[in-house]
Amino acid sequence: MKALEGIKILDFTHVQSGPTCTQLLAWLGADVIKVERPGIGDITRGQLVDIPDVDSLYFTMLNSNKRSITLDTKNETGKEILIRLIKSCDVLVENFAPGALDRMGFPWERIQELNPRMIYASVKGFGPGPYEDCKVYENVAQCTGGAASTTGFDDGPPLVTGAQIGDSGTGLHLAFGIVAALFQRVTSGRGQRVQAAMQDGVLNLARVKLRDQQRLAHGPLTEYPVNTDVDETPRAGNASGGGQPGWAVRTKGGGPNDYIYVIIQPPGWAYYMELCGRPELVDDPEWSTPAARLPKLDECFKIIEEWTLTKTKREAMDILNARDIPCGPILSMKEIADEPALRNTGTIVEVDHPTRGKYLTVGMPVKLSDSEAKVQSSPLLGEHTEEILLDVLGLSKKEVNAAWKSGALGEPAAKAID
Ligand code: COA
C-alpha cells in the first residue's frame, strides 16, 4: 500500500512545472492519468530530442509512473469523456496558460458542480495582479521572484541558476498543496482550489534575500564580500551571506569543477589554520574570532585555498569532514550520475523505456519508510487510452469505438477496437 494509493489524478500538465508535481504524486502511489492532445501530446516529447522518433529525456524524466490518454477536449465527444473523467477523479492538475481551461469550457465553478470533491490545482506564472494573464517559463520566474537579482557577482549581470526553482520548485509547492487539500477533504468532504504561482514559489525559496533587504535599513550587510553601500540586496557571488561564512575555493586538478565549498564555523578555524600551516592565526586577536575575520573573509579563504590547491576536492572533503568541518565538493552532473551512494538510495535510477532503452533519471527525492517509490517508465503517447476508457470510466467497447470514430481520441478508425 502506497501513501496515495486509490487517488486518481486527472493530469492536464505539460512542459515541466506541472509534470514535476504529478510525477511526485505518482511516486506516492496515485494513479496519474495524463491527458494529451492527439497526435501531439506534451510538447516536451519532441523537444531536445537526442534519439530520432523516441520520446525525449525532457519528457521521460518528468513523466514516469503515469498513464497517457489522448483526448481532444475541444471535440464534443472529447468533452463528454472529460466530464466523465472529472467525475471519476480526485484531483485535476493543470499548468496551461491563464484561462485555457475556462476557454475549454471548464472553469472552477463547473468543475465543482460536476464533482464537489474535486481538488483543482494549477500552476501559473503570477498570482492575481497586473501580470496574472502572462505566460511564464522557468527563467522568467527566477527573474521576477528575486533569484536572479541576488545571484551572480556584484560586478556582473544578474544570473539564473541551473536548478529549476521556478518550474520544479513550483511543482513541489503545488504537490504539497494538493496533499494538504486531500487531507482536509477527509473531514470537510469538499474539494478546493489550489493555486501556486511561480513568482511566489521562487520568492519562497529566496526568502533569506528579502530578510537581507530589510536588514539593509539598519546598516550594511557585512557578511557579503561585496560593496555593501547599497540599498538593494546585492549579488553575493559564492558567499553564503548567512551566519556562517563560506566560499568555493580551488582544489588540485585545475578543471572547471575542481573546487570545494568550505564553511568556516568558529570551532573549525583552529584546524583550518593548522592544516594551512598558519598556527599563529589561531589565537591572534586580529584573526581568532568571527567578528575579527568578518572584514577580511577574502583573505581567510585565500589562506585556505593555498591548502586546498594541494588536495583533490575529494581528499579535501575527507580531511575536513574527519574534523566535522562542513564542506562539499563541486560535483559535475557526470560525477553525480556515477555516484554509487545516489544509486544505492534510488535517488539516481536506471529505467527501461520501451523505445529508448535504458536511461538515467532522478528518483523520488523524499524517502518514505512505508511507501517506497519505484520508478517506472514514462508512457508512450496515448498508450493507455483504451485501458482508461474501459477500466476507469467503464465505457463499453462500442462506446470506445464510437469515440475513435468521432476523432476525440485521435485519427478516426486508426485504432478501432474489436
Ligand atoms: N485537447 C485540446 N486542446 C488542448 C489540449 C487537449 N487535450 N491540451 C491543451 N490544449 C490547448 C489548450 O486548451 C490551449 O488552447 P487555447 O490557447 O486555445 O486556450 C493550447 O492547447 C495551449 O496551451 P498553452 O498553455 O497556451 O500552451 P503554450 O505552449 O502556448 O504556453 C506555457 C506554454 C508554459 C508558457 C503556458 O502554458 C503557461 O504560461 N503556463 C503556466 C505557467 C507554467 O506552468 N509555466 C512553466 C512551464 S514549465
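Predicted model: local features only at pLDDT ≥ 70, side-chain atom pairs only at ≥ 80, totals over all residues.
User: How many residues are in the largest nonpolar core?
Analyst: That core has 35 residues, and I9, L25, V91, V93, L174 and I178 have the most contacts inside it. A nonpolar core is a set of buried Ala, Val, Leu, Ile, Met, Phe, Trp, Tyr and Cys residues joined through side-chain atoms within 4.5 Å. Buried means under 20% relative accessible area, exposed over 50%, and partly exposed in between, with a 1.4 Å probe and protein chains only.

User: Which elements give two or more residues to this core?
Analyst: They are α1 (17–27), β4 (91–94), β5 (119–124), α7 (167–188), β6 (193–197), α8 (198–205) and β10 (348–353). Helices (H or I, at least four residues) and strands (E, at least two) are DSSP runs, numbered from the N terminus.

User: And what does I178 contact?
Analyst: Leaving aside neighbours within four places in sequence, I178 is in contact with C21, L25, V91, V93, A121 and V194. Contact here means heavy atoms within 4.5 Å. A second, separate core of 32 residues includes F96, M104, V400 and W404.

User: Moving to the ligand, which residues come nearest?
Analyst: Of the 23 residues around the ligand, L71, A97, R103, K135 and V136 come nearest; a residue counts as near if one of its heavy atoms lies within 4 Å.

User: How much of the ligand does the protein cover?
Analyst: On its own the ligand has 930 Å² of accessible area, of which the protein covers 85%. Accessible areas come from the Shrake-Rupley method with a 1.4 Å probe; for residues, only the protein chains shown count as cover.

User: How many aromatic pairs are there?
Analyst: The structure holds five. Rings of Phe, Tyr and Trp (its six-membered ring) pair if their centres lie within 6.5 Å; planes under 30 degrees apart count as stacked, over 60 as edge-to-face and the rest as tilted.

User: Why is the W108 and Y120 pair classed as it is?
Analyst: The ring centres of W108 and Y120 are 5.9 Å apart and the planes lie at 50°, so the pair is tilted. W108 is in helix α5 (residues 108–114) and Y120 in strand β5, twelve residues apart. W108 is buried at 17% relative accessible area, and Y120 is buried at 2%.

User: What about F153 and W247?
Analyst: Their ring centres are 6.3 Å apart with planes at 75°, so that pair is edge-to-face. F153 is partly exposed, with a relative accessible area of 41%, and W247 is partly exposed, with 23%.

User: Lastly, is H384 buried or exposed, and where does H384 lie?
Analyst: H384 is buried, with a relative accessible area of 12%, and lies in the loop between β11 (357–362) and α17 (385–392). Not counting residues up to four places away in sequence, H384 touches K66, R67, S68 and P379.

Methods
Residues numbered from 1 in each chain as written. Heavy atoms only, no water.
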